[in-house]
Amino acid sequence: MEAPPVKLGGAPSFVEKTVQTYGDTIFEIGSALLWSQAGATEVVKRVAKRIRSEQNDETWGTLERVWVLQAAVDAARQLEPRIGRRLSPPERMMLDAIETPESRLQQVESFFHRLDFQSQALLLLRDKLDLSMPEIARILRTPVESLKVTRQQAYRLLEEWIWGDSAPSLPGTFRYLTFISDLLDEAIPASIK
């Protein structure tokens, strides 16, 4: 779904251009992290307001996208406790009662929202929006190496929730999963390849 238009009134053209350029991505971040289209609309409005008050086209530099997406994640983080949709205890129990991994995979979005906010944001930015780890590190204000560990832990949790005891990975494979993740991110040293 596309982001709704933001009415900026007499705002400078760089604000309108920026919201037009990144509006769909900002909306996607809000929608995925808050699990709500109304929340996503509020995220777009807050980012537009922040751009209007803090930035101008001379200060963007090469970090324009990082700054805008950081503002989107920050807005979603601030709104999440108040308007973010969370799974209720009965919903969690229903998820846990699903018997087969195939049926659980159909509920992957619900399992995704059992992760903490930072893990959700990381997986969204890396695996759905396909941003590089260094760019995500700037957006989330976290070192790349920490993000790699967080990403592996998030996938391990999802794997346990969905596959349970029949999870395909074994504890000894963590090192190789990290190498595979690095390889996919094109961040592995040639000597390990």
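## Basis of the model

Residues are numbered from 1 along each chain as its sequence is written, and side-chain values use heavy atoms, with hydrogens and water left out. In this predicted model, local features need pLDDT of at least 70 and side-chain atom pairs count only at pLDDT 80 or more, whereas totals for chains, interfaces and linings use all residues.

Two packed helices are described by the angle between their axes and the distance between the axes. Helices are DSSP runs (H or I, at least four residues), numbered from the N terminus. Axes are lines fitted to C-alpha atoms over the stretch in contact, and angles run from 0 to 180 degrees between N-to-C directions. For α2 and α3 the angle is about 130°, and the axes lie 9 Å apart. The arrangement of α2 relative to α3 is therefore oblique (angles under 35 degrees count as roughly parallel, over 145 as roughly antiparallel, 65 to 115 as roughly perpendicular and the rest as oblique). The crossing of the pair is right-handed (the near helix is turned clockwise from the far one by less than a right angle).

Contact means heavy atoms within 4.5 Å. On the α2 side, the contributing residues include Glu42, Val43, Arg46, Arg50 and Glu54, and on the α3 side they include Trp67, Val68, Asp74, Leu79 and Ile83. By class, this contact has 11 nonpolar, 2 polar and 6 charged residues (Ala, Val, Leu, Ile, Met, Phe, Trp, Tyr, Cys and Pro count as nonpolar, Asp, Glu, Lys and Arg as charged, and the others, Gly among them, as polar).

## Packing of α3 against α7

Helix α3 (residues 64–83) also packs with helix α7 (residues 117–128), at an angle of about 145° and with the axes 11 Å apart. This crossing is likewise right-handed. Val73, Ala76, Arg77 and Glu80 of α3 meet Phe117, Gln118, Ala121 and Leu125 of α7. The residues of the contact divide into 5 nonpolar, 1 polar and 2 charged.

## Salt bridges

Side chains of opposite charge can pair when their charged atoms come close. A salt bridge is a side-chain nitrogen of Lys or Arg within 4 Å of a carboxyl oxygen of Asp or Glu, and the whole structure holds 13 of them.

Within helix α2 (residues 37–54), Glu42 and Arg46 stand 4 residues apart, about one turn of the helix. Their closest N and O atoms are 3.2 Å apart, forming a salt bridge. Glu42 is partly exposed at 29%, and Arg46 is partly exposed at 29%. Glu80, a member of the contact with α7, forms a salt bridge with Arg86 at 3.1 Å, N to O. Glu80 is buried at 17%, while Arg86 is partly exposed at 49%. A further salt bridge links Arg85 to Glu91, with closest N and O atoms 3.0 Å apart. Arg85 is partly exposed at 36%, as is Glu91 at 27%. Elsewhere, salt bridges with shared partners join Arg50, Glu54, Asp74 and Arg141 into one network.

## The loop residue Ser36

Ser36 lies in the loop between α1 (13–34) and α2. With a relative accessible area of 19%, Ser36 is buried. Apart from its neighbours within four places in sequence, Ser36 is in contact with Gly30 and Ser31.

Methods. Helix = DSSP H or I, 4+ residues; strand = E, 2+ residues; numbered from the N terminus. Buried < 20%, exposed > 50% of the residue type's maximum accessible area, 1.4 Å probe, protein only.
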